[in-house]
Amino acid sequence: MSHIIGNKCVSVCDTGCVEVCPVDCIHGPIDKKGMGKEVLEPGFDKEGQQLFIDPETCIDCGACILECPVEAIYEDEEECIEVEGNDESVKKNYEFFNQEWLKK
């Protein structure tokens, strides 16, 4: 189980969550290890982009949840699916890190 960044992050890419993460597990939208730095570059087009949480690194501390201004971060896969009505955000999050999410 891991925290999941859902579809409310798409085209927002606020990096407040990255700054408070004690284990640096939030990355993207392009660089899998860049901690969201590319979105801070002048001229970066956030349209259609989002951040992701590495499920192998996340310690489920919840610090990121309170920092997200658009409430896009869910405590776990099940909450994300319940709120969004499907598992697309969960799949995207795992696939970004070349991992496979297995439904329970």
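Analyst: What follows is a series of questions on individual assignments, each answered by setting a value against its criterion. The model is a predicted one.

User: How do you know how many disulfides the structure holds?

Analyst: A disulfide requires two cysteine sulfur atoms within 2.5 Å. By this rule, the count is 0 disulfides. For Cys9, the nearest cysteine sulfur is that of Cys13, at 4.9 Å, and Cys9 is in no disulfide. For Cys61, the nearest cysteine sulfur belongs to Cys21 and is 6.0 Å away, and Cys61 is likewise in no disulfide.

User: Why are Cys9 and Cys61 placed in their accessibility classes?

Analyst: Buried means under 20% relative accessible area, exposed means over 50%, and partly exposed is in between. Cys9 has a relative accessible area of 6% and is therefore buried. Cys61 has a relative accessibility of 46%, so it counts as partly exposed.

User: What makes the contact of Lys91 and Asp87 a salt bridge?

Analyst: The criterion is a side-chain nitrogen of Lys or Arg within 4 Å of a carboxyl oxygen of Asp or Glu. The N to O distance between Lys91 and Asp87 is 3.6 Å, and their side chains meet in a salt bridge. The structure holds 2 salt bridges. As to accessibility, Lys91 counts as partly exposed at 31%, whereas Asp87 counts as buried at 9%.

User: Which residue forms a salt bridge with Glu88, and how far apart are the closest N and O atoms?

Analyst: The partner of Glu88 is Lys91, and the closest N and O atoms are 3.7 Å apart. Glu88 and Lys91 are 3 residues apart in helix H4 (residues 88–96), so about one helical turn separates them. Glu88 has a relative accessible area of 42% and is therefore partly exposed.

User: What makes Asp87, Glu88 and Lys91 one network?

Analyst: The salt bridges share partners, and this joins Asp87, Glu88 and Lys91 into one network. Lys91 takes part in the salt bridge with Asp87 and in that with Glu88.

User: Which residues form the negative surface patch, and what makes Glu82 exposed?

Analyst: The patch is formed by Asp60, Glu75, Glu79 and Glu82. A residue qualifies for a patch with over 30% relative accessible area and no salt bridge, and like charges are joined within 9 Å. Glu82 is found in helix H3, which covers residues 77–84. Its relative accessible area is 69%, and Glu82 is therefore exposed.

User: How do you know whether Asn93 and Trp101 are buried or exposed?

Analyst: The limit for buried is under 20% relative accessible area. Asn93, which lies in helix H4, has a relative accessibility of 0% and therefore counts as buried. The place of Trp101 is in the segment after H4. With a relative accessible area of 14%, Trp101 is buried.

Methods: Residues are numbered from 1 along each chain as its sequence is written. This is a predicted model: local features need pLDDT of at least 70, side-chain atom pairs count only at pLDDT 80 or more; totals for chains, interfaces and linings use all residues. Side-chain values use heavy atoms; hydrogens and water are left out. Patches are made of residues with over 30% relative accessible area and no salt bridge: like charges are joined within 9 Å, nonpolar side chains (Val, Leu, Ile, Met, Phe, Trp, Tyr) within 5 Å. Accessible areas come from the Shrake-Rupley method with a 1.4 Å probe; for residues, only the protein chains shown count as cover. Lys and Arg count as positive and Asp and Glu as negative; His and the chain ends are not counted. The place of a charge is taken as NZ of Lys, CZ of Arg, CG of Asp or CD of Glu. Helices (H or I, at least four residues) and strands (E, at least two) are DSSP runs, numbered from the N terminus. Buried means under 20% relative accessible area, exposed over 50%, partly exposed in between (1.4 Å probe, protein chains only).
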